[in-house]
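Subject: Structure handover

Hello,

Here is the structure I promised you. Please open it alongside this message; my notes follow below.

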Amino acid sequence: MKIAMVASEAAPFVKTGGLGDVMQALPAELAKLRGNEICLFLPYYKRIKQNSAIEVEQVGSFSIDLSWRESYVGILRLKSRRKKLQVYFIDNDYYFGARGTIYGDFDDGERFAYFSKAVMAALYYLDFKPDVLHCHDWQAAPAVIYCRALYGTWCPATKTVFTIHNVEYQGWADTSFFENTLGLPEEYRGKLTFDGAINVMKGAIEVADIVTTVSKTYAEELRYPYYAHRLDGVLRGAWLWGITNGIDTSVYNPETDTALAYNYSAKKMFGKWDNKRALREEMGLRTDTDAPVLAMVTRLAGHKGIDLLCYIANRLMEREVQLVVVGTGEKQYEYALSALARQYPGRVAVRLCFDPALASRVYAGADMYLMPSKSEPCGLSQLIAMRYGTVPVVAATGGLRDTVPPYNGQTHEGRGFTFQSYNADDFLGAIDRAVGLYYNDRDQWNALAKHDMECDFSWQAPAAEYMQLYTELTSK
């Protein structure tokens, strides 16, 4: 099967969040399956262009019209030995190659409309007529619409899949964006119009053959106003399929992770305790204690539950625990957590940075991973934490509910500790249950950590679900 993937980021080329991890692993896993040909399209950002480790070759160039604009399109291909997975970059210095930013520019709508249209033109140029065009998040949403509106006669059998990784970001624009930038046939205006504006995610939802999201629970949640950010009515009318993300277990592997002080496995867990000692030393935490290390590696934003953590912080410090937080985000939380670290030296460590190597050491050295998110489409951090034998304490929402069944003290089933309502006291109660098991039954605690490490969080099962979906679509 020929599958074209379109996204705004993919590790290891460029990554700002979970989408980058997904787009590194999913195409690679699909390419392992017999009979598949995968091509992945990304913008040729400045940081990719300046990375000497990324070798590319030009395979073509031409111009396209973006409404009244004429824009250059360069097609670059990653030099790779993998024939079944080709990575292409859309080259245009004005939109991508001369800027240091990935997102957040004033003309993001125009940039990614250009990217989406250029991808479709590139597919035509390369004569890669996909059986499935799979587009991810609002930045690639226009490609779904361009496929139908402008390339329908070239690829009439192509099925389109649109995946929502985070419904909060939808690609809103003024109504003039339709004619001034998108340049679509007038018959598509209604599909993109929403509440007196243009919403490209809404357009993709209406045009795509199927809409997917990144966990089964999140697919159900998106039908309700609390989670859907105004698109609940649109999504209730869509064929919505939830497939829970995996992680790249070759990347996130405590046996081979070079960032760790000590490598270890589920069969040789003692290395984890060595990493705990090393993390304490690195972060300036006391080492003369048996206290559990609680950790978060996250964006410091309200919807990630940082407000709950700040609310319970002083009560949490009444327990015999240590806390490590790594991340950047909203200034109010940066200030609050920094003040907490000053208030409790040797017990609280905060690093306001994005550091993947440090993140690995935190996952390996912590005992518990806190993830009290208000909403979480899937979440990868809890999967990485369990892969490293760190027991999660999570809100039972979205993918957290799907991946962290609550621990049962009687049957010893489950993977972590959960709380149902978005409430600081309930969050603290879940932490107390985890801390209680840690202190009162260390053997069972270690067994839980070992069990989490042995769970299969790879992309093999999710990729099989996507193939099932593609097969059903293309057989119709």
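Start with β8 and β10. The model is predicted. Strand β10 covers residues 197-199, and two bridges join β8 to it. The two strands run antiparallel. Within this part, alanine 173 sits opposite isoleucine 198 of β10.

Next, helix α8, residues 200-207. This helix packs on the sheet and touches both β9 and β10. The direction of α8 makes about 55 degrees with that of β10.

Now the sheet as a whole. It is open and has three strands. Their order is β8-β10-β9, and the pairing is antiparallel. Which strands are at the edges? They are β8 (172-173) and β9 (193-194), and each pairs on one side only.

Then the cysteines. Is cysteine 135 buried or exposed? Cysteine 135 counts as buried, because its relative accessibility is 0% and the cut-off for buried is under 20%.

Cysteine 310 is in no disulfide either. The nearest cysteine sulfur is that of cysteine 353, 17 Å away. Cysteine 310 has a relative accessible area of 26%, so it is classed as partly exposed.

That is the set so far. Over to you.

Best wishes

Conventions
Residues are numbered from 1 along each chain as its sequence is written. This is a predicted model: local features need pLDDT of at least 70, side-chain atom pairs count only at pLDDT 80 or more; totals for chains, interfaces and linings use all residues. Side-chain values use heavy atoms; hydrogens and water are left out. Two strands pair if DSSP finds at least two bridges between them. Helices (H or I, at least four residues) and strands (E, at least two) are DSSP runs, numbered from the N terminus. Contact means heavy atoms within 4.5 Å. Axes are lines fitted to C-alpha atoms, for helices over the stretch in contact, and angles run from 0 to 180 degrees between N-to-C directions. Buried means under 20% relative accessible area, exposed over 50%, partly exposed in between (1.4 Å probe, protein chains only). A disulfide is a pair of cysteine sulfur atoms within 2.5 Å.
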